[in-house]
Amino acid sequence: MIDLKELTQAISDLNEEKAFQILQEFVAQHPSQEDVRKIIAACQQGMIFVGEMFDSDDYFVADLIFAGELMSRAVEILKPVIYRTNTKNIGTIVLGTVEGDMHDIGKNIFKCMAEAAGFAVHDLGVDVEPQKFVLKVKEVEPQIVAMSAVLTVAQRAMKNTVEALKKAGLRDKVKIIIGGNHITEYSCERIGADAFTTTASEGVSICEKWVLGASLHFAAPACLNKDGKSLQSL
Ligand code: B12
């Protein structure tokens, strides 16, 4: 049995050896998708603590970089259990971290899970300017555009991307989902997306509902506005 708190602690302590040992034990247990969801949430919580320690000057940029590398390797360890080897193509997603934002770990987890669910994902990478989204949407005609941002200021780039899609006459041809740790219902409305989430697994469920024709209803939490100060600058 994996101790999720121990994993969160190991990540927030930047204890790579301990974190990888726990993750390797986890993978060896052939876990269920529900357990995979829980382990990703535990990693995400560890990274939130890292961010808080950066905020309080207990960690520095070098620690953020180390944490990013640690988490990227953690995702590599988890990949075999994230993939469900679904070969059926259920839809197409154009994905990217928006302009100004270099964070890609959450995006990569979403990509992995979406591919596992049967989506063809066109990943544009990080710091993706609005026009690049527009060109890719024209080229591959996806059902869904998925944008990631963890920097609050990058939510403006999400809004710019929606505007660029509108200008190109593409907005009504796609559903737009936005994800990232600081995304709220309020930011979703301001940006003009169709859905938002703070977890990759919920994001994939929303995309599955869209393409599989189920009613577009998902549990959107009430606007928490947990970062209201920054959102006002949108
Ligand atoms: C690691 C890290 C970095 C690494 C990133 C490495 C990488 N390859 O991504 C590096 C060192 C590069 C970095 C740089 C910076 N960072 Co940084 N970083 C982090 C940290 C600690 C962890 C982020 C992370 O990987 N979390 C783990 C993943 C799994 O979680 P996630 O990203 O939230 O993703 C999950 C969901 O949000 C969701 N999701 C994410 N994207 C998407 C997309 C879709 C479509 C869907 C459906 C779901 C989804 O699914 C994921 C899994 O469930 C966060 C702290 C935090 N609270 O997030 C700070 C944090 C994001 N960084 C911060 C800052 C300030 C910076 C810098 C400005 C620091 C500096 N002074 O240089 C630079 C900015 C660089 C830039 N232009 O982007 C701040 C942002 C504050 C804010 N509110 O804007 C944070 C919050 C730290 C803090 N508390 O101050 N950072």
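T197 touches I177, I178, G179, G180, I183, E202 and G203, residues up to four places away in sequence being left out; contact here means heavy atoms within 4.5 Å. The model is predicted, so local features need pLDDT of at least 70 and side-chain atom pairs count only at pLDDT 80 or more, while totals for chains, interfaces and linings use all residues. Residues are numbered from 1 along each chain as its sequence is written, and side-chain values use heavy atoms, with hydrogens and water left out.

T197 is found in strand β5, which covers residues 195-197. Helices (H or I, at least four residues) and strands (E, at least two) are DSSP runs, numbered from the N terminus. T197 counts as buried because its relative accessibility is 6%. The term buried stands for under 20% relative accessible area, exposed for over 50%, and partly exposed for values in between, with a 1.4 Å probe and protein chains only. A polar atom of the T197 side chain lies 3.0 Å from the backbone nitrogen of T199.

**The sheet**

Five strands form an open sheet in the order β2-β1-β3-β4-β5, with parallel pairing. The edge strands are β2 (119-123) and β5, each of which pairs on one side only. Averaged over the sheet and with direction ignored, neighbouring strands are turned by 25 degrees against each other. Helix α5 (residues 105-116) packs on the sheet and touches β1, β2 and β3; the direction of α5 makes about 155 degrees with that of β2. Axes are lines fitted to C-alpha atoms, for helices over the stretch in contact, and angles run from 0 to 180 degrees between N-to-C directions.

Strands of a sheet pair through backbone hydrogen bonds, either parallel or antiparallel. Two strands are taken to pair if DSSP finds at least two bridges between them. The table lists two pairings of β1 (residues 91-97).

| Strands | Sense | Bridges | A bridge partner pair |
|---|---|---|---|
| β1 and β2 | parallel | five | V94 and H122 |
| β1 and β3 (residues 144-148) | parallel | five | G96 and M147 |

Seven of the seven residues of β1 are buried, so this strand is largely enclosed by the rest of the structure. Both of its faces are covered: G91, I93, L95 and T97 are buried on one side, and T92, V94 and G96 on the other.

In helix α6 (residues 130-140), the residues P130, F133, V134, K136 and V137 are buried. The buried residues of α6 pack against β1, β2, β3 and α7 (155-167). After α6 comes E141, whose phi is positive, near 45 degrees.

D63 is found in helix α4. With a relative accessible area of 21%, D63 is partly exposed. D63 and G51 are twelve residues apart in sequence, and their C-alpha atoms are 9.6 Å apart in space.

**The largest pocket**

The largest pocket holds about 1,300 Å³ of space. On a 1 Å grid over the protein atoms alone, a pocket is an open set of points with protein on both sides within 12 Å along at least five of seven lines, and lining residues have an atom within 4 Å of a point. Its lining has 43 residues, of which M47, H103, V150, N181 and H182 lie nearest the centre. The elements giving two or more residues to this lining are α3 (33-55), α4 (61-82), α5, β3, β4 (175-179) and α9 (200-211). Helix α3 gives the most, with ten residues.

Notes
A polar contact is a pair of N or O atoms within 3.5 Å; within protein, one must be able to donate a hydrogen and the other to accept it, and residues adjacent in sequence count only if both atoms are side-chain atoms. On a 1 Å grid over the protein atoms alone, a cavity is a set of points where a 1.4 Å probe fits but cannot get out, and a pocket is an open set with protein on both sides within 12 Å along at least five of seven lines; lining residues have an atom within 4 Å of a point. Grid points are joined across faces, edges and corners, and a volume is the space filled by probe spheres set on the points.
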